[in-house]
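Please look over the sequence and the model below before reading on. The notes after them are grouped by topic.

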Amino acid sequence: MISYIVGALAIACYAGGAILQYLNLTRSETSLRNGAIALGTLALLLHLLSFNGTLYVQQTLDPGIHNMISLVTWLVAALALAGSMRMPLRNVLIGIYPLAAAGLLLALAVGDQAIAKPPIAPNIATHILLSLISYSVLTIAAVQAVLLAIQDHHLRHQLVGGLVMHLPPLQLMEQILFQLIWVGVLFLTTSILSGVIFIEDVFAQHLAHKTLLSIFAWVIFSTLLLGRYRLGWRGTLAIRFTIGGYLLLMLAYFGTKMVLEIIL
């Protein structure tokens with residue numbers, strides 16, 4: 001019961017943080033910015049506490065897809081909020097806060113369905129952590145790509161007003177996007193390599209799709225980075241590559257898990 005109350009408070013804080021961040025983007029007031037950061041931080045802490053009744057129940061880890069989505073969305077929000085202290089990433093929090101709230105709501109809605117699992121070996125835990133970080137960073141990149149797509153559409157059609165006019169310049173938005181992709185690909189590379197090293201058979205029947213889709217996503221993101229470096233790729237092409245690679249990665253992380261846990 002406590003986890004539900006804590007989770008509900010976290011969802012409310014995420015919603016308040018998103019609203020304040022939107023108002024700050026349109027009004028550029030310090031009090032609104034600080035309020036959005038404070039509510040976001042409080043939401044992350046409450047979300048973390050809720051894991052004691054969702055992800056971790058009766059001394060048992062429940063790695064179900066609903067809890068993994070909640071965990072990933074928490075990590076995405078935490079990385080985005082931390083990154084916003086050094087980079088102009090606060091605009092993506094408008095989309096990421098509701099995403100984290102939705103992930104937590106899903107975990108709370110499914111409820112206590114903990115299934116006992118054997119302890120995770122340290123090397124496998126390292127692989128899982130690298131995978132979660134890479135997916136989370138590339139999720140932020142995907143949100144950034146969506147904002148960039150909206151901004152590019154408005155500029156091409158000479159549309160003014162709304163949220164877009166308060167976003168950073170297009171060139172800066174692209175620079176942030178590629179910085180996120182660089183970091184995400186770095187972690188994705190180490191994740192794939194650690195899987196090859198630590199997992200006995202990465203192409204086993206229940207892992208083959210995940211492995212292949214992760215590799216395909218890595219190829220897409222790496223091709224984009226190479227195209228950016230050698231050919232100056234940008235704009236719509238960069239957006240399509242980013243979203244395409246992210247969708248493959250999403251299928252790799254959650255598609256296989258959904259098939260194994262829900263469909264089969």
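This is a predicted model: local features need pLDDT of at least 70, side-chain atom pairs count only at pLDDT 80 or more; totals for chains, interfaces and linings use all residues.

Residues are numbered from 1 along each chain as its sequence is written, and side-chain values use heavy atoms, with hydrogens and water left out.

**Helix α1**

- Helix α1 covers residues 2-27, which is 26 residues. (Helices are DSSP runs of H or I with at least four residues, numbered from the N terminus.)
- From its first C-alpha to its last, α1 reaches 37 Å, close to the 38 Å expected at 1.5 Å a residue. (The expected span is 1.5 Å times one less than the number of residues.)
- Buried residues of α1 include Ser3, Val6, Gly7, Ala10, Cys13 and Tyr14. (Buried means under 20% relative accessible area, exposed over 50%, and partly exposed in between, with a 1.4 Å probe and protein chains only.)
- The buried residues of α1 pack against α2 (30-50), α3 (65-83) and α4 (93-110).
- An α-helix has 3.6 residues a turn, so residues three or four places apart point the same way.

**Histidine 47**

- Histidine 47 is found in helix α2 and is buried, with a relative accessible area of 0%.
- Leaving aside neighbours within four places in sequence, histidine 47 is in contact with Ala10, Tyr14, Ser70, Thr73, Trp74, Ala100 and Leu104. (Contact means heavy atoms within 4.5 Å.)

**Salt bridges**

- The structure holds 2 salt bridges. (A salt bridge is a side-chain nitrogen of Lys or Arg within 4 Å of a carboxyl oxygen of Asp or Glu.)
- In one of them, arginine 228 meets glutamate 174 at 3.9 Å, N to O. This pair links helix α7 (residues 208-231), which holds arginine 228, to helix α6, which holds glutamate 174, 54 residues apart.
- Glutamate 174 also meets arginine 234, at 3.2 Å, N to O. Arginine 234 is in the loop between α7 and α8 (235-263), so this pair ties together parts that are 60 residues apart in sequence.
- Salt bridges that share partners join Glu174, Arg228 and Arg234 into one network.
- Glutamate 174 is buried at 4% relative accessible area, whereas arginine 228 is partly exposed at 27% and arginine 234 is partly exposed at 45%.

**Surface patch**

- Leu193, Val196, Ile197 and Phe198 make a nonpolar surface patch of about 390 Å². (Patches are made of residues with over 30% relative accessible area and no salt bridge; like charges are joined within 9 Å, and nonpolar side chains (Val, Leu, Ile, Met, Phe, Trp, Tyr) within 5 Å.)
- Isoleucine 197 is in helix α6 (residues 170-198) and is exposed, with a relative accessible area of 63%. (Accessible areas come from the Shrake-Rupley method with a 1.4 Å probe; for residues, only the protein chains shown count as cover.)

Definitions and conventions. Helices (H or I, at least four residues) and strands (E, at least two) are DSSP runs, numbered from the N terminus.
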